[in-house]
Amino acid sequence: MSNWRRFGAPMVVLALAMVALVLRLYEVQVTEHKLWAREALGLVRSSRVLPARRGRILDRSGKVVVEDREDYVLEFVWREFRREHPLGAIAQARSQLLGRPVSLAEADANLMPWALELVALTPDDLDGFAAGGGLPLKSVRIEELGTNSDDRERLARQNWRRTRARDARFYLQSLLGLTRREAYLLRKKERERWGARDFLTRSALVRPALGALGPDEARAEFLEEWVREIAAARERLIDLSVVLSVESSDRMECYDELLVRLEVIRREVEDAVADDLFSSATGFSAMRLSSDNLERLDLRWLGRALVWDQARLVQWSSDRGARSGGSDGFSSPGFRLLAGRVYSRLQVAREQNPGRGLADRVLDELLRPFARVSANRGAGGVLDWRAVDSLLPLDELQSALEAPPELSEDTQPLFLFQTQVVRELRLPDDFQVRTRPGSGRVLWGEQEALLARALGLDDHADSTGRTGALIGLASRRREEWSPGELEPIEVLLGRLDRAIQERVYGTLGSRDTTWALAPKRVAEALELRDHLLKDQSLRPRRLLKRPPYSLVEAVTRFTEQHAGFRVSMRYERHWREFDSGQVRALGTDVDLEPQPLFQRLIGSLRSPSMVRVLRERDDLARARELQAALDRKQGDFDELAQLYGSNLHATQEIGGSGIEGYFDFELRGSHGFQESIGLAERAQDRSANWSQSPVDGEDLILTLDVNLQRVAQDVLERPEFLADSSADPDWWQDPVGALVLARVDGQVLAAASVPSRSQSEIGFVGQDRRSDDQRLLYRVQRTLRMPTFQPPGSTIKPLIALWAMEYGWLDDEGTRHLLDADESLVTCLREGRDQASGYGKVRCSSTLGHSYTLHRQAAGSGRIRDMALRDALPHSCNAFFSWLGQHLSVQDHRDLARRFGLGTPTGVRVFEGLKEESPLPRVGLVEDRRPGRFLEPLDLASATFRQYAANGLVCIQATPLQMARAYAGIATGQLPTMAFVSQARGVSMLRPPTSLGFDPQNLALVRGLMEQVVLRGSARGKGLSRETLGFRVACKTGSADICKGPVPDGKGGWREGMRKHAWVAGWFPVQDPQFVFVLLVHDTSATSSHGAVQLASQFLQRPEVAALIQR
Amino acid sequence: MGSWLQDNLSPRRLFDPAGVRWREVDWHILIVAAGIVALGLVFQGAMDAAEPLGAVGGASFAGHREKLLFAAPLLLLALMLRPSWLRRNTHRIFWLSILLLLALHFIGVERNNARRWLPLPHFDLQPSELAKIGLVLILSSLLSRRRLENWGEWILPIAVVLLPLALVAAQPDLGTALTLLPIALGMFHLAGAPWRSLVGLCLIAVSLGFLGWKSGLVQEYQLERIHTWTSSYEAPELIEGRYGPAFHAYQARTALGNGGWTGTGLGQGVANGARTLPERDSDSVFAVMGEELGFIGSVGVLLLYSLLPFLLMISAARQRDRFCRLVVGGVALLFASHLVIHVAVNTGLVPMTGLPLPLISAGGSSLLASLLALGLALGLAAHHGRSLDRDTFRSY
């Protein structure tokens, strides 16, 4: 027993070790169980969002205009195709054996020969190949590995061979189309040294149905069936291609087209995997290095991981590193994306960290792309530019290289922000870069100068201006960015990046050979290869929206015959109401596909903006946390449902513009959510362990009327040409304008705008236009927007008249103070002056003066001085209103505009009264209110400008919808709130009008005078009479010069003159105003009386409008 | 040469079935070992079943069974090995293992930046596994004649430890190299080395390790592994670094922790389901077992497995032959050190290193070496031919 003394100690040590291990196991398996179980669950728990059906949009009579319908989408999954379809398996197996990418087209061209070659291989062939031996295929001989390379390279190639042999074996087995049992038997027999039989024979022998046959017979039987299956699979793919093709009806052309599309998807998948692998090995994205610098790296390992040859690798690296920069840097899509991200973060940073100064926020976000992800955090986890001291990709590259080069002798930091002096700056909140007006010279403060140097801007005044612009941008809250707004960000990022690239190149370019990455980091990255390949290639790519039902049925019912293709269901927005499809362009009627009615007004869906995604990041993080939680209570499920229901997902479409955008919260509903637990490979039979049903969006009822809208659009699209020598044939051939019809209570019945189609769609591209590029702006809804300077002209005169009467400038007869008027006005009124009629600088549209005839008549009766409002308004006397405007004060002009709602929102975006307000700012339905020059006090200080203002010229602008509201105000004495939507979530969106507060007598006088416009004034005899329409109309015409241009000379030729906007605004029926209309003709040489009025008549004559009165 | 082979390697010289006292064979040890092997087969089968259709290169029950069928007879042959032959040829066996380690540098296969395998027709041999047996035998031989009572007696035993240790570490395979240390230290202790000498030896080893680190002999990846271990020992840090260098440790800990008290059930674990745990059929096999058997099952496996070295030590303690005692004790230490290090790695008690769990993990070399070692231990303990050296009657 004496030996026990020596053995006792090791046994005690072992026992103690066991106790320690048991304790540790207890800690991990029992104490930390919940934590690890949650992590484990994350590896196998899957979830999906059940989309809600978006609400319908209906017109005022209940006709569905837009709705969500269940639509099928044909998708392609590369992983399934390459593993289960013969073509994919052959291309992949061949790629593995040759060590280069073999395209699907190449594989298809040699489908059967290559397939036969593959299955004629034996396990020993592949083992030999794996060990570095050659492989004598019929079509090509694969040489054995050479020995002339260095050790590491040789070993790398040997390992590559082994991996390729393994993968080739997998695809070869896939190609044989074995069942699970057969595959198991094949593997088993492979180990049993089944002679030198090839895979085909082996497969035949493991097939139960052929078990009774001898090897040769079984092989022949198997081969016959197998060849038939491969041919059938190819035929099915060709059939599919015919359905998918949009360009050709030839079967083989369709097939070629499909193969190209599939190849593109395959490349995208592989590129994405390469991106991920590169990032894993280096710590930064490949897009962060220029092509020059990427070429300095030895990326053969990457090529081997993806079985790429040198050409494919070069293609990837040149694509990733491509920069087409001028002196200001970069314009690659990747960099544009980066700039967009910075811009979006600027918006979110402002909301999430309002206490941080503007300049600090801008610098934080500018430097974020260059800082390590996990480092440089200040208080509260905010990235602090003052703490940034290690830069991507330079520092990461230093640690990622196997033999990092010495940094160059230049010890200066890349950016001065890395110096203590700059870091200690206290930036004022109102930091901005100022330039001296005119010279563009920068006026530096001390802080600004240091910062500008830090950003490398001290010698570039231009860029400094951009910095100022950037900071200016950051100070505004914007939902979207435009390419122009991104420019300063791109430029600044480009400068910072270029400094880094130069430093990297200066460091890496110091020798001729390429730099190898650290083997360990490469090995670690390669460990992720299979996972990344699986992840990327499992993501479905859309091939076809709304495939035919036969295809849906084939793919869903015979899944195994369509490997790689799947059909998914999703909601798609469908338009039910369309316009006629006929438009007039250059005087010719063109038949086009009918396009959705109200398209620009209702708007469209789009992916969520990055700003929105960033804003919801915290909510989504919370949702993920709840999703991963092990033990969840009902409250957690409720919160999860709420978060997933209300939050957006990157792939989900939201309302992007128009009514769809503005009422997105009401329309989009609440998504459902389904969670499953199951292992990925066994997902076929997984069942939901928790689900929340989606709640569909609410319907929206418009004030708009489908029939009236169609009529309005049609009148604008195809106006009937006028036989009027003063008309502008140009406009009638290619109309641009807008038409609003609304109830006097503000409900808009029709809001048409032309052009509504692009010039290329119409088919007249590059024609010589006489006017500006407004004709190209077919996306603009002109009832709401002012894409160019848009003065209302004489349609403002009733407003001026009413104001003047209300505040004592005119008596009941409208003559007060007239005798005291300026002599020049009296002269104009009394005599008229050829070519010089007008008052001050305001010319009359009539060369003889509006009142010439009237005054001549008056002169005969000795009542010259009786010229008054009753004549001036119907005849639209510019001189009279100039005189009136001159005598109104600045404040009068501004108050008048405000009272009638000019320069203020019309109400179509008003949103109140709903129980639950949208958590996000509302977007879409963009309306111009007061763009550009609008009754600026400095302008109105001049008498001339007040004259202009009273004639609706030069310094005042309005949208048709604003004019419609103002005219509804005159017609009823109450200013309505305009509306496109009458009901949302069952709540009325209509708002009560506000009283204008004018004396009813004055109102009655002006209304009466406006009917006189039709009876004896500027609209007389133009088709607006009761005899023509069947009802009485009151209106006012208006024309406003917008630019110089050619106008008809009355002799069939052209002369230089003024092009203008022509308006008509009015209401009907006169005795009981119910409806208001406004027509805008953009860019015409003719006054309203020679175009716009007739066009309004064409609209009002339509039976659908007459039916309004009858109703 | 021919006569030497005939004299030394003829079956009659090598094996002595008649000399085995079959009734004195430690059948209980064999039964425990068989239980462990059976456990390994069950889990290898479950892992194989979790492989997707047509998968190549994953866990393979058939492959494991094949290797087992190949290695099991070697246990029997080792059991019948003539002790006198073994005693005479320990140095040859040791040098053969050293030669194989050296051969790695010329014909070895490199995988994952390490050159540890010799390509053979049906499987790749890992000479470091055989070197462990070689080390146990040579140390037993040397220490059977030395009591380590003076420093002069230490020189040769330390030299034979350092030689394979250096060669294995140079592959590089620091994990395997470090398993040699507890075996050697344990055998020094069994041979009678005083405690203070062992403590001094440990201090010297630690100092040398420190010097190696400072002088750059320890490779960067090994240092980073230690750094990863220290920086991700706690669960939150490990989860934070799960997509970086701590990927393997994270996956192992996740699987193990997911087991809870009673486990997920055979083949139902995340390790088998998601198959993201690297080397789950070899270096991480305990994580898989821990997940599917739970804490109770894991402790059961630990108890069952630790029975093997305990029983071997009891068996060794009963031996009156010093050489036999040391060999059996050395084999016990071999199993014990593997068990402790393997489980400690998977539970995160020590830095991540690739070490199989003998008799359970897939891997031909490990299985072969383990069964050989077990056969030697059982055979020596049950053989007639004992030498009556001066130690037989010595009291420690």
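Biologist: Are the residues of α6(B) buried or exposed?
Modeller: 17 of the 17 residues of α6(B) are buried, so this helix is largely enclosed by the rest of the structure. Buried means that 20 or more other C-beta atoms lie within 10 Å of a residue's own; exposed means 12 or fewer, partly exposed is in between, and C-beta atoms are placed from the backbone. Note that this is a predicted model: local features need pLDDT of at least 70, side-chain atom pairs count only at pLDDT 80 or more, and totals for chains, interfaces and linings use all residues. Residues are numbered from 1 along each chain as its sequence is written, while chains are lettered from A and ligands numbered from 1 in the order in which they are written.

Biologist: What span should α6(B) have?
Modeller: Helix α6 of chain B covers residues 127-143 and should span 24 Å, at 1.5 Å a residue. The expected span is 1.5 Å times one less than the number of residues. The end C-alpha atoms are 24 Å apart, which agrees. Helices (H or I, at least four residues) and strands (E, at least two) are DSSP runs, numbered from the N terminus.

Biologist: How many helices and strands are in chain B?
Modeller: Chain B has 16 helices and 3 strands. Of its 396 residues, 52% count as buried.

Biologist: What about N8(B), where is that?
Modeller: N8(B) is in helix α1 of chain B, residues 2-9. N8(B) has 13 C-beta neighbours inside 10 Å, so it counts as partly exposed. Leaving out residues up to four places away in sequence, N8(B) touches R13(B) and N89(B). Touching, or contact, means C-beta atoms, placed from the backbone, within 7 Å.

Biologist: How do α14(B) and α15(B) cross?
Modeller: Helix α14 (residues 285-318) and helix α15 (residues 322-347) of chain B have axes that come within 9 Å and cross at roughly 165°. That makes α14(B) roughly antiparallel to α15(B). Angles under 35 degrees count as roughly parallel, over 145 as roughly antiparallel, 65 to 115 as roughly perpendicular and the rest as oblique. Axes are lines fitted to C-alpha atoms, for helices over the stretch in contact, and angles run from 0 to 180 degrees between N-to-C directions.

Biologist: Which residues make the contact?
Modeller: Among them are L302(B) and Y305(B) of α14(B), and V328(B) and F335(B) of α15(B).

Biologist: Next, how many residues does each chain give to the contact between chains B and A?
Modeller: Chain B gives 59 residues and chain A gives 51. On the side of chain B that touches chain A, α14(B) gives the most, with 12 residues.

Biologist: New topic. What order do the strands of the open sheet in chain A take?
Modeller: The 5 strands run β20-β19-β29-β28-β27, with antiparallel pairing. Two strands pair if DSSP finds at least two bridges between them. β20 (748-754) and β27 (1034-1048) of chain A stand at the edges with a single partner strand each, so one side of each has no neighbour in the sheet.

Biologist: How many bridges join β28 to β29 in chain A?
Modeller: There are 8 bridges between β28 (residues 1054-1068) and β29 (residues 1075-1084) of chain A. V1064(A) has L1079(A) as its bridge partner in β29(A).

Biologist: Which strands does helix α43 of chain A lie across?
Modeller: Helix α43 (residues 960-972) of chain A lies across β19 (737-743), β28 and β29 of chain A. Its direction is at about 145° to β29(A).

Methods. Two residues are in contact if their C-beta atoms, placed from the backbone, lie within 7 Å.
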